[in-house]
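Morning, everyone. I have one structure to walk you through today. Please have it on your screens.

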Amino acid sequence: MEPRLSKRSAALAAGALVVLCALFVLGRPGSTADHDHYRTRLRQLRVATAELEQDVLRQRVGMAELHGASDRDFDALAARARSLRTAPDFLPDEGMRSLTASLDAYLRVLEGSRGLLAAARAKDQQLAALREAFPGQVAATAALLPPGATREQVEALGVEVLLASRARGEALALAWRPRSRS
């Protein structure tokens with residue numbers, strides 16, 4: 001025969017469960033809506049940062065940007081991070097200090113990335129200007145030389161330098177020529 005619970009024991013267990021549920025609901029700091037809204041804002045910042053990083057990398061290898069990596073985009077991310085400083089009340093003081101320190105570090109890294117991207121773009125512009133001027137300089141130098149092997153070497157060296165200075169994909173495409181079958 002199976003042991004059975006008395007009605008009194010079942011009522012006490014159900015009452016204890018109701019009291020525990022009430023204590024859980026009343027004891028939680030803040031509403032779940034505030035918590036979820038704040039987590040969503042953090043997640044959106046993380047996604048926007050990943051998109052910016054992806055565009056920075058795409059720009060560095062000569063690919064088209066998908067989302068944009070302008071100063072406006074950096075400013076928008078910084079504004080989002082600053083808006084997260086007003087955390088909901090459910091965070092304890094220690095959590096708020098940790099969050100503030102993380103946001104400060106994020107903003108420092110964001111500004112550092114902005115500076116690195118600006119420096120890289122300036123270098124790209126310098127290289128583009130040098131690439132534009134280089135063929136004319138090679139032609140002028142070759143014109144000063146008498147016809148012969150030295151002039152041909154200067155011209156060949158100029159072509160090699162131009163190929164080597166291009167982005168890796170462009171240099172490979174220009175240097176590759178299908179071999180004829182003999």
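**A walk through the helices**

A156 counts as partly exposed, at 43% relative accessibility. A156 sits in helix 5, which runs over residues 149-165. Now find V138. In sequence, A156 and V138 are 18 residues apart. In space, their C-alpha atoms are 9.7 Å apart.

A word of caution before I go on. This is a predicted model.

Let's step back to the whole protein. How many helices and how many strands are there? Six helices, zero strands. Read along the sequence, the pattern is α-α-α-α-α-α. The protein has 182 residues, and 17% of them count as buried. Now the contacts. Take those with a separation of 6 or more: 57% of them join residues 24 or more positions apart.

Next, the core. The largest nonpolar core has 17 residues. Which members touch the most other members? They are L45, L52, L77, A81, Y106 and L110. Helix 2, helix 3 (71-83) and helix 4 each supply at least two residues of this core. Helix 4 gives the largest share, six residues.

Look at Y106 for a moment. Set aside its neighbours within four places in sequence. Y106 is then in contact with L45, T49, L77 and A81. Of those partners, L45, L77 and A81 are also on the list of core residues that touch the most other members.

On to R114, in helix 4. Is R114 buried or exposed? Buried: its relative accessible area is 16%, and the cut-off for buried is under 20%. Again leave out neighbours within four places in sequence. R114 is in contact with D71, F74 and D75.

F74 takes us to the last stop, the second largest pocket. About 230 Å³ of space lies in it. Its lining has 14 residues, and L52, E53, V56, F74 and S113 lie nearest its centre. Two elements give two or more residues to this lining: helix 2 (32-60) and helix 4 (93-144). Which of the elements gives the largest share? Helix 4, with seven residues. By type, the lining divides into 10 nonpolar residues, two polar and two charged.

Conventions. Residues are numbered from 1 along each chain as its sequence is written. This is a predicted model: local features need pLDDT of at least 70, side-chain atom pairs count only at pLDDT 80 or more; totals for chains, interfaces and linings use all residues. Side-chain values use heavy atoms; hydrogens and water are left out. On a 1 Å grid over the protein atoms alone, a cavity is a set of points where a 1.4 Å probe fits but cannot get out, and a pocket is an open set with protein on both sides within 12 Å along at least five of seven lines; lining residues have an atom within 4 Å of a point. Grid points are joined across faces, edges and corners, and a volume is the space filled by probe spheres set on the points. Helices (H or I, at least four residues) and strands (E, at least two) are DSSP runs, numbered from the N terminus. Ala, Val, Leu, Ile, Met, Phe, Trp, Tyr, Cys and Pro count as nonpolar, Asp, Glu, Lys and Arg as charged, and the others, Gly among them, as polar. A nonpolar core is a set of buried Ala, Val, Leu, Ile, Met, Phe, Trp, Tyr and Cys residues joined through side-chain atoms within 4.5 Å. Buried means under 20% relative accessible area, exposed over 50%, partly exposed in between (1.4 Å probe, protein chains only). Contact means heavy atoms within 4.5 Å.
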